[in-house]
Amino acid sequence: MRRCWWHGKTAYQIYPKSFFDANGDGIGDLQGICSKLDYLKELGVELLWLSPVYCSPLADQGYDISDYYGIDPRFGTMEDMDRLLAEAKARGLSIVMDLVVNHCSDEHPWFQRACQDPDGPYGRYFYIRDCPPDQPLPCNWRSYFGGPCWDRLPGWEDKVYLHVFHRKQPDLNWENPALRQEIYQMINWWLDKGVAGFRIDAIINIKKHLPFRDFPADRADGLCSMDRVLEQTNGIGRFLSELAEQTFRPHDAFTVGEVFHEKPEELPQFIGDGGYFSTMFDFAPALINTSEKGWYDRRPVTLEQYKAACFASQAKAEGAGFLSNIIENHDEPRGVSHFLPPKGRTETGKKLLAGLYFLLKGLPFLYQGQELGMENTVFSSVNELDDISSLDEYQVALQAGLTPADALEAVGRFSRDNARTPFQWDSSPNAGFTTGTPWLRVNPNYTWLNLAEQQSRPDSLYHFYRQLIALRRSSSYQETLVYGLTEPYLPEEKQLMAYFRRGTPTLLVAGNLQSTPYAMHLPGPVRVILSNLKTCTQENGVFHLAPFQFVVLASI
């Protein structure tokens, strides 16, 4: 594997709207991020991914961009962005922007011009088709947010346009070379400005299954999931190779792809030496127990399932490239609420989950608040939901026969709003996030679960994450933890998740997945490098793991 400048770093995702509000309007902003750079430096992270701060009507919280070259006034100005880049650089931090190029906003000038002249140059920037009202739509694909992927083109009764996400997010036509060049010009503009790279949103969707056709319906609405479409879509490599060649590679940029449904044999093309991207997220754990029927049909995840998903991903990626490991992001529920059993949702259990995912081979990503163990919130009314996908899933649950209370409870477990509640800085009003009224309700547990409390306590989860970050970049263990092979240890043991990180030295990472003690037979004499509990007991070749205990061991 060719060694890259980002391999030994830890990445941190900032959801700007909910991170820190500097001007009291209830919305987080760039000045707020600037004011917290010292905190991020102290935590130990070095790559900072910002969810979108571009101009947007916020139909999908910024993932509907109306101006790729402008900062939305809600978040600040381009001068604020320039200051953030400069101050981050001064602290050894690299800024990674979100790149959203499968679609734009219907308020983007390109789409506005397409509506004025669908047969003109800008009409070819999108997928616009003739479709009189008495004719069937071009295909039966279901939008990720529910309903058909086609809507009437504003101002035209006999034309429709494609949107695989929200109707205010028209898909861009990557088959058009002129559109691609516009995108490459914009990417290079940001890279020349000083961003270190991009997280690339929904990139697998840029290649469409053409010509458009129906797929077998999978729900009573007669529509088909986009998952089925993507599984049978080929040829994306032509676009991604050109994208990398004309933008990322000349700048030695860091790129992480949001990629689903890649074909196993294509993984080296995505993330290998000379691949389309530097890395891509491992979503295998997040996809456990998903159901085509909807969120209401998802079953709880077990830690044994989590273990199997992680080990399968590690085996798949070995020799192919680096994956990026996560337990949560802005599109997922909080990891500690999703993956840990109720008895494990303690600080000990949260440290267990932190250690097990963080020390796998790959680039570890933290999502804001993860270092505190922020948890899912509780929704008392559907009116408290902001997320458009949650609102759609609520309706899906009702249509499946659930009562309103049961539908809300089911959707609440997986709502993206869980990750978007404001960062819990301290126990002051609104968790110290804003002096105004927060755009989204703060999780009520902020009075006891907050940064100030954890910074004051050396045995907190916050300090445990700092230890994990320091361990991974220490001179003694960095070579092993960054480049060493992941080899499962005793994988047949249902109560245990353990793996070697092979190197010099070789480390054994292990965790007890249950609320009862477990006796782990050791491969030889060991010493404890890190534990989530003060007491570590070993005798006669056996390490006695307390409930949800996590340890890192080195051979003696």
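This is a predicted model: local features need pLDDT of at least 70, side-chain atom pairs count only at pLDDT 80 or more; totals for chains, interfaces and linings use all residues.
Three strands form an open sheet in the order E6-E8-E7, and their pairing is antiparallel. At its edges are strand E6 (128-130) and strand E7 (150-152), each of which pairs on one side only. From one strand to the next, the twist averages 35°. If you zoom in on E6 and strand E8 (residues 159-162), you will find three bridges joining them in the antiparallel sense. Here Arg-129 stands opposite Val-160 in E8.

A second open sheet has five strands, ordered E14-E15-E16-E21-E18, again with antiparallel pairing. Strand E14 (486-488) and strand E18 (526-531) stand at the edges with a single partner strand each, so one side of each has no neighbour in the sheet. Ignoring direction, neighbouring strands of this sheet are turned by 25° against each other on average. Within the sheet, strand E15 (residues 496-501) and strand E16 (residues 507-512) run antiparallel and are joined by six bridges. A handy place to look is Ala-498, which stands opposite Ala-510 in E16. When you follow side chains along a regular strand, expect them to alternate between the two faces of the sheet.

Helices also meet this sheet. Helix H9 (residues 303-317) lies across E14 and E15, and runs at about 20° to E15. Helix H11 (residues 347-358) packs on the sheet as well, touching E15, E16 and E21. The direction of H11 makes about 145° with that of E16.

Strand E17 (residues 518-521) runs antiparallel to strand E20 (residues 542-545), with four bridges between them. In this pairing, His-521 stands opposite Val-542 in E20. E20 also pairs with strand E19 (residues 537-539), in the antiparallel sense and over three bridges. There, Thr-537 stands opposite His-544 in E20. E19 and E20 form a hairpin with two residues between them, and Asn-540 in the turn has a positive phi of about 50°.

Now for the rings, where the count comes to 42 aromatic pairs. One of them joins Trp-49 and Phe-281, a tilted pair with 5.7 Å from centre to centre and 35° between the planes. Trp-49 belongs to strand E2 (residues 47-50) and Phe-281 to strand E11 (residues 279-281), so this pair ties together parts that are 232 residues apart in sequence.

Because Phe-464 lies in helix H16 (residues 461-472) and Phe-550 in strand E21 (residues 550-555), the pair ties together parts that are 86 residues apart in sequence. Phe-464 and Phe-550 are buried too.

Ring pairs also build a cluster, linking Tyr-54, Tyr-68, Tyr-69, Trp-110, Tyr-122, Tyr-125, Trp-189 and Trp-190. Elsewhere, Arg-3 lies over the face of Tyr-483, at 3.7 Å from the ring centre.

Notes
Residues are numbered from 1 along each chain as its sequence is written. Side-chain values use heavy atoms; hydrogens and water are left out. Two strands pair if DSSP finds at least two bridges between them. Axes are lines fitted to C-alpha atoms, for helices over the stretch in contact, and angles run from 0 to 180 degrees between N-to-C directions. Rings of Phe, Tyr and Trp (its six-membered ring) pair if their centres lie within 6.5 Å; planes under 30 degrees apart count as stacked, over 60 as edge-to-face and the rest as tilted. Buried means under 20% relative accessible area, exposed over 50%, partly exposed in between (1.4 Å probe, protein chains only). A charge sits over a ring if NZ of Lys or CZ of Arg is within 6 Å of the ring centre and within 35 degrees of the ring normal. Contact means heavy atoms within 4.5 Å.
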